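Biologist: Please take me through this one term by term. I would like to see each label set against its cut-off.

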Amino acid sequence: MAKRIVTRIGNIFCVEIDRQYKKFFQYVANDMSQLNSSVIRAFKRKYPIEWKPDMDVIVDDDVEFYAHTVLSAGIQENTWYKVGTNKNVGNTDSIMFRLYSEGCTSHMTKSYRWYVWYINQEYIRIGEMTDEYRHLDIGYVYPVFQIESKIKTGKYVGHELE
């Protein structure tokens, strides 16, 4: 029988990159607006592979991105592991995402149906993307390999629409 995976808001996870360095992210919220998925904040700093995690140092770092994902899948796949917890999860009321809704996007390069929202709030339709919202993270629920790619390279696999 598989072991039950328990995650709690505030948990901090480690992703080891090419056995050379490691980066961290923190589970900061659940977003009922996006399938009740886990919201994480990934931190910018790279640490040597032998560094012993200090939770206060980790959460004091700048946030590189926010994302929705399924934490238990990354644990089961050994992509990340829990290293500790910190009550400081930042100001989750100010986390905002963007998302487009066009159906099939394999040949699209631009969307005219963009939405934005704060965690656990209703979507707001903005139509065509504007500079005001362009900096927001995309609000899809990303699979493990996409989160790992973003942490490792700074980009998701694939492309984004304008």
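**Labels and their cut-offs**

Biologist: Why is Val39 called buried?

Modeller: Val39 has a relative accessible area of 0%. Buried means under 20% relative accessible area, exposed means over 50%, and partly exposed is in between, with a 1.4 Å probe and protein chains only; therefore Val39 counts as buried. The model is predicted, so local features need pLDDT of at least 70 and side-chain atom pairs count only at pLDDT 80 or more, while totals for chains, interfaces and linings use all residues. Residues are numbered from 1 along each chain as its sequence is written, and side-chain values use heavy atoms, with hydrogens and water left out.

Biologist: Which residues does Val39 touch, not counting those up to four places away in sequence?

Modeller: Val39 lies in strand 3; strands (E, at least two residues) and helices (H or I, at least four) are DSSP runs, numbered from the N terminus. Contact means heavy atoms within 4.5 Å. With that sequence exclusion, Val39 touches Gln26, Tyr27, Val28, Ala29, Asp31, Ala67, His68, Phe97 and Ile119. The C-alpha atoms of Val39 and Ala67 are separated by 5.6 Å, though the two are 28 residues apart along the chain.

Biologist: What makes Ser37 count as buried?

Modeller: Ser37 is also found in strand 3. Its relative accessibility is 6%, so Ser37 counts as buried. The side chain of Ser37 reaches the backbone oxygen of Gln34 at 2.8 Å. A polar contact is a pair of N or O atoms within 3.5 Å; within protein, one must be able to donate a hydrogen and the other to accept it, and residues adjacent in sequence count only if both atoms are side-chain atoms.

Biologist: Which residues touch the most other members of the largest nonpolar core?

Modeller: A nonpolar core is a set of buried Ala, Val, Leu, Ile, Met, Phe, Trp, Tyr and Cys residues joined through side-chain atoms within 4.5 Å. The largest one has 34 residues, and Phe25, Ala67, Leu71, Trp80, Ile147 and Ile151 touch the most other members. Strand 2 gives the most to this core, with five residues.

Biologist: Why is one side of strand 9 and of strand 10 left without a neighbour in the sheet?

Modeller: The open sheet of four strands has the order 9-8-7-10, with mixed pairing. Two strands pair if DSSP finds at least two bridges between them. Strand 9 (124-127) and strand 10 (137-138) stand at the edges with a single partner strand each, so one side of each has no neighbour in the sheet. Strand 8 and strand 9 run antiparallel and are joined by three bridges.
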